[in-house]
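User: Got a model loaded here and I'd like to talk it through. Can you take my questions as they come?

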Amino acid sequence: MVKNKSISALIAETKPKNSSGNYARLFGDEEIGGLITKIQSASIKAGYVLEEILTQKSTLIPNGDLDNFVEECNLGKYSGIFLCTGKMIRNSKYNVDGHEPDLIIFSLEKGRGVCHIVELKVGANFDTKKADGEKETLEICCSVLSSKLPFKTNFYLCSFHAESKEEIVSGLKGRFTENEVITGRELCKILNVNYAEVIKDESQFQRDNIIYFTRSVIENAKRKLYLISEENFYLENEE
């Protein structure tokens, strides 16, 4: 389960900073528009929840200190799989000026090995402009970090819920090759994390979201139908 309660994909707990007037205009109703906005916001937060689950289940670099970790790797200290988060990268001398990836995974044997740069996505469908932007960002990260880190460096875009590399490449409009993408199962294998457990933890919000969404739709439908019936009553009496 996600231990950090500040990260939640519960629709009921979502408080969007801005409400989209487009949704309200689409339905002619502020409350229904607000519900759609909350759902959209919760959907975005689901990606952060997934990242938090993976972080909790992985072996992190000691003390979250990337600078010290690299120095000790140069002394041949570490062997195993170690995860470094985007925040840890930003707080180190290896930051990439706003282009930090979501995750860096070190696969090491006595301080030597491979550094996997990973951009984590929940879904697998992107428009062409978005796909181009993701590729450019990862290429910049890989170029900068490979020149600074004493490891062989590569990058992946991970579409966690995709079933195959082919699905991901298609969703990215062919901007990535199959060697540049991985599924969630493949990511968990690299991290030495149980994929089934991640899926189970990730689904913890679903039941509450279904209940909240269903109740909200029913309540709004009743309210809206009442208003419509009232409006029709007054129109009929005016005639």
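User: Start with Ser107. Which residues does Ser107 touch, not counting residues up to four places away in sequence?
Analyst: Ser107 touches Gly80, Ile81, Arg112, Gly113, Val114 and His116. Contact here means heavy atoms within 4.5 Å.

User: Before we go on, what are the ground rules for this model?
Analyst: This is a predicted model: local features need pLDDT of at least 70, side-chain atom pairs count only at pLDDT 80 or more, and totals for chains, interfaces and linings use all residues. Residues are numbered from 1 along each chain as its sequence is written, and side-chain values use heavy atoms, with hydrogens and water left out.

User: Back to Ser107. Which strand is Ser107 in?
Analyst: Ser107 lies in strand β2. Helices (H or I, at least four residues) and strands (E, at least two) are DSSP runs, numbered from the N terminus.

User: How far apart are Ser107 and Phe151 in space?
Analyst: They are 9.5 Å apart, C-alpha to C-alpha. In sequence, 44 residues separate Ser107 and Phe151.

User: Zoom out. How many helices and strands are in the protein chain?
Analyst: Nine helices and five strands. Along the sequence the pattern reads α-α-α-β-α-β-β-α-β-α-β-α-α-α.

User: What's the strand order in the sheet?
Analyst: The sheet is open, with five strands in the order β1-β2-β3-β4-β5 and mixed pairing. Two strands pair if DSSP finds at least two bridges between them.

User: Which strands stand at the edges?
Analyst: β1 (80-85) and β5 (181-183). Each has a single partner strand, so one side of each has no neighbour in the sheet. On average, neighbouring strands are turned by 30 degrees against each other, direction ignored. Axes are lines fitted to C-alpha atoms, for helices over the stretch in contact, and angles run from 0 to 180 degrees between N-to-C directions.

User: In which sense do β3 and β4 pair?
Analyst: In the parallel sense, over eight bridges. Val118 stands opposite Tyr156 in β4. Strand β4 (residues 152-159) also pairs with β5 in the parallel sense, over three bridges. There, Leu157 stands opposite Val181 in β5.

User: Which strands does helix α7 touch?
Analyst: Helix α7 (residues 184-191) packs on the sheet and touches β1, β2, β3, β4 and β5. Its direction makes about 90 degrees with that of β5. Helix α3 (residues 66-74) packs on the sheet too, touching β1, β2 (103-109) and β3 (112-121). The direction of α3 makes about 20 degrees with that of β2.

User: How many residues of β4 are buried?
Analyst: Six of its eight residues, so β4 is mostly covered.

User: And how much of the protein chain counts as buried?
Analyst: 41% of the 239 residues.

User: Which residues touch the most other members in the largest nonpolar core?
Analyst: Leu66, Phe69 and Phe106, out of 34 residues in that core. A nonpolar core is a set of buried Ala, Val, Leu, Ile, Met, Phe, Trp, Tyr and Cys residues joined through side-chain atoms within 4.5 Å. The largest share, five residues, comes from α5. As background, nonpolar side chains tend to be buried together in soluble globular proteins.

User: What is Leu66 in contact with, leaving aside its neighbours within four places in sequence?
Analyst: Ile61, Cys84, Met88, Ile89, Ser92, Tyr94 and Phe106. Apart from that core lies another, of 22 residues, among them Leu54, Ile105, Phe160 and Val193.

User: New topic. How many disulfides are there?
Analyst: Zero, taking a disulfide as a pair of cysteine sulfur atoms within 2.5 Å. For Cys115, the nearest cysteine sulfur is that of Cys142, 7.8 Å away. Cys115 counts as buried, at 0% relative accessibility.

User: What about Cys188, buried or exposed?
Analyst: Buried, at 1% relative accessible area. Cys188 is in no disulfide, and the nearest cysteine sulfur, that of Cys158, is 7.8 Å away.

User: Last one. Where does Asn209 lie?
Analyst: In helix α9 (residues 206-238). Asn209 is buried, with a relative accessible area of 15%. Not counting residues up to four places away in sequence, Asn209 touches Ala9, Leu10 and Ile11.

Conventions
Buried means under 20% relative accessible area, exposed over 50%, partly exposed in between (1.4 Å probe, protein chains only).
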